[in-house]
Amino acid sequence: MLKIDSHTHILPKKMPNWSEKFGYGDFIYLQHHKKGFAKMMRGNQFFREIKENCWNPELRIEEYQAFNIPIQVVCTIPVMFSYWAQPLDCLDLSQFLNDHLAGIISKYPKNYIGLATIPMQDAELAIKELERCKKIGLVGIQIGSNINDENLNEERFYPIFEACQQLDMAVLVHPWNMMGEKKMQRYWLPWLVGMPAETTRAICSMIFGGIFERLPKLRVNFAHAGGSFFATIGRIEHGFDCRPDLVAIDNPINPRDYIGKFWVDSITHDPLMLDYVLKLQGSKKITFGTDYPFPLGDLTGGKFIEEMPLTKKIKEDIFCNATLEWLNISKKNFVLD
Ligand SMILES: [Zn+2]
């Protein structure tokens, strides 16, 4: 069974010091302080330590051989989005990251599929970069769950989604810039509570804002099994029913009708939860994902899914078909059969 990991992150080993280059801002840069490790620095502040499997494509392929997963969908780490920067500077940074991805994909076409990052804060520049990324072999984009605290249904983002549909570029929505982050620093709550809420915020904004209604061919995948969306869909639907004056103001269609029209990945760490999402979404709309190489990801290569009593067909959908359909790519690109 072919396995594709639809959700992994990668960085270039060497990146410019953008804060120095642009003369402002806490851009991320890497300090390679010891062999096989680097510190991600945000301005002068330590953000996170990463290991070589975050930047070395050969090592990543090797590590994935142990799980029998030949293909990784790669995108940057959300903290790199830099939507807060001057648009042209964010474009410069995005181009650097996208060119790096394109290089890996052309060097290892059987192992990597790439999702770009684009300056969402400026639709015109974002679309220009989207068009360029399509030409250099990337098949979609990864965007944040909010753009500088603005929700994804804001009219100024609409042309970007429209261009994605037109250009046949897929979208991965990833939580970042978590709501309430400053008020819940302890216990890693921004990651444990904020991230699932962010993803739900993104799904609800796109549904209630009518994005899926206006762009029915737009192919969107939401990270971490849609965050808390499926766990709270009853409440969301009830809110839509009981207070349409608040909820149904831009789109009169029941939010539940959109289930199965977008994708979510499998990162639940919980077979019961995955089974529940599977019942709602169907196997064709759940893409196997891990969040490799980060510790909060599924670093067992989907072992809990393997162990679930699912049919071979359902597993095949999750491990590969759903991702192929989301990205609109053919299995033939990767296997000879
Ligand atoms: Zn991720």
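This passage describes the overall build of a predicted protein model, then its aromatic pairs and a few local backbone features. Residues are numbered from 1 along each chain as its sequence is written, and side-chain values use heavy atoms, with hydrogens and water left out. Because the model is predicted, local features need pLDDT of at least 70 and side-chain atom pairs count only at pLDDT 80 or more, while totals for chains, interfaces and linings use all residues.

The protein holds 13 helices and eleven strands, where helices (H or I, at least four residues) and strands (E, at least two) are DSSP runs numbered from the N terminus. Its radius of gyration is 19 Å, close to the 20 Å that the globule rule gives for 337 residues, so the protein is as compact as a globular protein of that length. Here the radius is taken over C-alpha atoms, and the rule is 2.2 Å times the number of residues to the power 0.38. Along the principal axes, the C-alpha trace spans about 55 × 45 × 45 Å.

Buried residues account for 56% of the 337; buried means under 20% relative accessible area, exposed over 50%, and partly exposed in between, with a 1.4 Å probe and protein chains only.

Turning to the aromatic side chains, rings of Phe, Tyr and Trp (its six-membered ring) pair if their centres lie within 6.5 Å, and planes under 30 degrees apart count as stacked, over 60 as edge-to-face and the rest as tilted. By this rule there are 20 aromatic pairs. In one of them, the ring centres of Y64 and Y292 are 4.5 Å apart with planes at 55°, so the pair is tilted. Y64 belongs to helix α2 (residues 57-65) and Y292 to the loop between β11 (286-287) and α12 (303-306), so this pair ties together parts that are 228 residues apart in sequence. Both Y64 and Y292 are buried. F81 and Y83, by contrast, form a stacked pair, 4.9 Å centre to centre and with 10° between the planes. F81 is buried at 0% relative accessible area, and Y83 is buried at 1%. Ring pairs also link F212, F222, F229, F230, Y258 and F262 into a cluster.

Helix α8 (residues 223-226) contains H224, which is buried at 16% relative accessibility. Leaving aside residues up to four places away in sequence, H224 touches H7, H174, P175, M195, D265, I267 and D291.

Most residues other than glycine have a negative phi, and most peptide bonds are trans. Y292 and P293 are joined by a cis peptide bond, with omega about 5°, and P293 sits in the loop between β11 and α12. D168 is not a glycine, yet its phi is positive at about 60°; D168 lies in the loop between α5 and β8 (170-174) and is partly exposed, at 29%. W188 likewise has a positive phi of about 60° without being a glycine. W188 is placed in the loop between β8 and α6 (189-208) and is partly exposed, at 41%.

Technical notes: Contact means heavy atoms within 4.5 Å.
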